Amino acid sequence: MLTPNFGKISRQEGSVLLEGLIAIVIFSLGILALVGLQSASMRATTASKDRVDASLIANQRIAKMWVNWKNLNTYAENNVDISSECDLPNAKRTTKIDPGNIVTVTVSWQSPGGAQNNFVSSAQIIGNN
């Protein structure tokens, strides 16, 4: 018959508890890494969407100038607030017309993280006579 060893402490007691705690720490670090990866992915997606929106705004401006090429100089502007027209935060548009009807449209916006962003598009507008 086996008799219990009450009062004697074995060297193995508590190892299961320690292994369980280490497993929980490793699992928690993995979850935190996934949350960080998701956050970085969301930031990159938002930045990409903002660049696409800025490209669309600049290309729409150039398209309007192509249609109304005889009145090209009426499109010149400097840091006009266009935040109400688009989803870009603190968006501003500058349209510059150089000799030879070379048009440069710059769309700038400020990301929620504080970084200033710019998108520049150029075209030469030549009308049909």
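This is a predicted model: local features need pLDDT of at least 70, side-chain atom pairs count only at pLDDT 80 or more; totals for chains, interfaces and linings use all residues.

Me: What share of the 129 residues of the chain counts as buried?

Reply: It comes to 22%. Buried here is under 20% relative accessible area, exposed is over 50%, and partly exposed lies in between, with a 1.4 Å probe and protein chains only. Residues are numbered from 1 along each chain as its sequence is written, and side-chain values use heavy atoms, with hydrogens and water left out.

Me: How do E1 and E2 pair?

Reply: Antiparallel, over three bridges, with E1 covering residues 77-81 and E2 covering residues 92-98. Asp81 has Lys92 in E2 as its bridge partner. Pairing takes at least two DSSP bridges between two strands.

Me: And how many bridges join E2 to E3?

Reply: Seven, and those two strands run antiparallel as well, E3 being residues 102-110. Thr94 stands opposite Thr106 in E3. The hairpin of E2 and E3 has three residues between the strands, and Gly100 there takes a positive phi near 85°.

Me: Switching to charges. How many salt bridges does the count come to?

Reply: Four, where the rule is a side-chain nitrogen of Lys or Arg within 4 Å of a carboxyl oxygen of Asp or Glu.

Me: Which residue forms a salt bridge with Asp87?

Reply: Lys49 does, with the closest N and O atoms 3.7 Å apart. That pair links distant parts of the chain, since Asp87 is in the loop between E1 and E2 and Lys49 is in helix H1, 38 residues apart. Lys49, Asp53 and Asp87 are also linked in a network of salt bridges.

Me: Is Asp87 buried or exposed?

Reply: Asp87 counts as exposed because its relative accessibility is 62%. Lys49, at 41%, counts as partly exposed.

Me: Are Arg61 and Glu77 buried or exposed?

Reply: Both are buried. For Glu77 the relative accessible area is 15%, and Arg93 also counts as buried because its relative accessibility is 9%.

Me: Now pockets. What volume does the largest pocket have?

Reply: About 200 Å³. On a 1 Å grid over the protein atoms alone, a pocket is an open set of points where a 1.4 Å probe fits, with protein on both sides within 12 Å along at least five of seven lines, and lining residues have an atom within 4 Å of a point. Points are joined across faces, edges and corners, and the volume is the space filled by probe spheres set on them.

Me: Which residues line it?

Reply: The lining of the largest pocket includes Asp53, Arg61, Asp87 and Arg93. Helix H1, residues 15-67, gives the most to that lining, with six residues. By class it divides into three nonpolar, one polar and six charged. Nonpolar means Ala, Val, Leu, Ile, Met, Phe, Trp, Tyr, Cys and Pro, charged means Asp, Glu, Lys and Arg, and the others, Gly among them, are polar.

Me: And the second largest pocket, what's its volume?

Reply: About 160 Å³. Among its lining residues are Arg43, Asp50, Trp109 and Asn117, and H1 supplies the largest share, five residues.

Me: Last one: where is Ser121, and what is it in contact with?

Reply: Ser121 is in strand E4, residues 116-124, and is buried, with a relative accessible area of 12%. Leaving aside neighbours within four places in sequence, Ser121 is in contact with Ala58, Asn59, Ile62, Val103, Thr104 and Val105, contact being heavy atoms within 4.5 Å.

Note on methods
Helices (H or I, at least four residues) and strands (E, at least two) are DSSP runs, numbered from the N terminus.
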